[in-house]
Amino acid sequence: MKLLWAVSALLLCCWRASASTAPNIITEPSEVVNQTSAVLSCNLTESSLPIKGSHWMHNGKLVDSSMSTDATPYTTLRLDKITHSSSGKYECVFMTDPEVKQTIEVKTLPHVSTHKHSEHGNENDKGVMVCDSHGYPLPTDWTWVKEVDGIQTPIINGTSDKYEIKSTPNKTTLTINDLSINTDIGDYICFGTNELGTSHDKIHLRVRSRLAALWPFLGIVAEVIILVAIIFIYEKRRKPDEVTDDDDSGAAPLKSNSNANHKDKNVRQRNSN
Amino acid sequence: MTNHKPEAKSRSDEAAEGPDGGWSWPLVGALFVSTSLVFGLMRSLGVFFVEFVQYFEESAQAISWISSTGLAAQQFFSPLGAALCNAYDTRVVVMTGGFLAGLGFILASQATCLVHLYLSMGLISGLGWGLVFTPMVATVVANITRRRALALGLGFSSIGIVSFIFNPLFQFLVETYAWRGALLILGGLSLNIVPCGALIRPQRRPKAPEKVDSESRPSCAEVLRRVASYVELPLLMERPYLTYTSAVTLLNVGYFVPYFHLVAHSRQAGFSDYQSAFVMSAAGATDILGRVASGWFSDLGKFRLLHLLTLWTGLAGVFIMLLPVSSVFGSYAALMVISLLYGFCSGAMTSLVFAVVPMIVGVERVMGALGLLQLIESGAGLLGTPLSGLLKDVTGNYIASFMVAGGFVVLGTLTMTTLPHYFSCTDPPSPRRRSHDDNDKSLHFELEQISRSPSDAGHRGVQ
């Protein structure tokens, strides 16, 4: 009889011990993949600890509107429109002692974009094109493609000195060395691929000729020379000997007036008053 | 004196409409173009600096030295330009200056390091600008007597007007041609100063050296004396000129502060970026208006130009001091009104500042006087903006900077009131240069009576 009590007490203790395991959060859904909207929910079970409140975190930052002081073991977060900016890791956090949390991943297609859709480069110089990506998860693969007249040719890193591709999960950079007007003008498309799919964006490259600015410059110089010629010719033609008079006229008193006895001297005449 | 006045006026009419009276107004056009290509260009170089920072991978401070060098060179070489005009032909000097200014930019387009830019865009172009600006202003001052202030006001209004055009234009040039190509084109544009210089009538003989014996080898002392006379160094010994120069220098210490700090101050006072920028643009617009209006009004002859100048400078100083006060109360309307008034007064001031100089030194010495004035007041600029920046760093806001700036302007105004014969209602006879023969003497006396207009003063103010 005593043995029976001891065994049952032991079994009871073991059962009790097994009953007070770590609290469990059941997430619904466990993962959001490529949906336009979703409702994330967390259900805290098997916990006898008091709940002081709950909130949600997005990529490590608190979601302000989700802050709640209810003691319910159930919390939801509504995502109405899932875009690349709202994708990421969401954590529901229950304010127990200690805190318990669980993560739900919201995954979307990568958002590939470029800051400058039109790039300029100088002839024989290098041209740099940059694409970056936001969202979760970040692309694991980047590829570049050159499109001319609808025909796409892939650009492979390292085949020649001409093209260099440097990629990180956030950003990819295509550098074209020794730009040439004949071959390098066109559209360049960057593709970013993650586990869900691929997105892309397009950059148009323009190559400026080294001598492009020379023509307007020569035009302006020609205009200056013509103007100066016109002014000189006009002067010579209009008053060939008044040019001498002007020097001595009182209208420009900066000039010395020592030879002051010419006909046009109004000032002189005044003096004589 | 009043008896002579109507006669003098009719004579000045005659002088203005004399043999080349009709020629004087194209000179104003030439002043308009050349001023816009000197100062308007200088102001709009900001677009290039962004490119330089990226290309040369230098700090913004190192890049901003380019424009500081250019401005300093322009001011420093002003007496040189004035001296060369006195010694040789104004037309040749201005045309050479225009050529140098263009050359500087053309060389800059081939620059491979920052030092090249300092030397080409800074030094060479600055030298060219120095040879252009003072001679052009002095020529206009000398050739137009009755409507001097209006002519100057019109000429200087170009800076404000052109900056509306140049900023987007330069942006477009940099986009289309890269900064090298754009600098090349700018060099070509600067060459347009050469036709402006060609509009100046050629001079036949240099000033004053007849008295010097034509020995085959003039002694050192003689050469120095001649140089000093070309640069008009003796002016520094004269109290009126010295007083005026110090007044203008004081003005320049404070005058520019609002242009540099108004936008930042408005933002700090809590207004949006757009509102702050708009305040600046509005002040710029009234600046242009003030230049022309004040020029026109001054030439009506109702008041002495010197009195009008002190009025505008005094008001400008007061408004500068009121600027932080208006924004402290958070009222956008008050800030806008004070800025508009400040813009108008500062523009009004600039068109008169140069026109007063012939009154003080006589028309003949205007060239040298302007050159020296530019050189001396360059120091003011070097002092003013860093000082205001320092005050802002120390106190945390712009109130002290504006107060000090306004204080300097008011101080300059007070200094101007110490000019001899300030409080008389009519202009005193301006000093005569000791000329060689009697004809000249009486001629100059007539001219000086006629030409009592304002001159010199802050070419910076002109900006």
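Predicted model: local features only at pLDDT ≥ 70, side-chain atom pairs only at ≥ 80, totals over all residues.
Hi everyone, a definition to begin: two strands pair if DSSP finds at least two bridges between them. Helices (H or I, at least four residues) and strands (E, at least two) are DSSP runs, numbered from the N terminus.

Residues are numbered from 1 along each chain as its sequence is written, chains are lettered from A and ligands numbered from 1 in the order in which they are written, and side-chain values use heavy atoms, leaving out hydrogens and water.

Let's look at chain A. Its open, mixed sheet has five strands, ordered β10-β17-β16-β12-β13. At the edges sit β10 (118-122) and β13 (151-155), each pairing on one side only. Inside the sheet, β12 (residues 141-148) and β16 (residues 186-193) of chain A run antiparallel, joined by seven bridges. In one of them, Val145(A) has Ile189(A) of β16(A) as its partner.

Now over to chain B. Which helices pack at about 175 degrees? They are α12 (residues 257-268) and α15 (residues 332-353) of chain B, with axes 13 Å apart; axes are lines fitted to C-alpha atoms, for helices over the stretch in contact, and angles run from 0 to 180 degrees between N-to-C directions. So α12(B) is roughly antiparallel to α15(B), the word for angles over 145 degrees.

Who touches whom, with contact meaning heavy atoms within 4.5 Å? From α12(B) come Pro258(B), Tyr259(B), Leu262(B) and Ser266(B), and from α15(B) Leu335(B), Ser339(B), Tyr342(B) and Ser346(B).

How values were computed: Parallel < 35°, antiparallel > 145°, perpendicular 65-115°, else oblique. Contact = heavy atoms within 4.5 Å.
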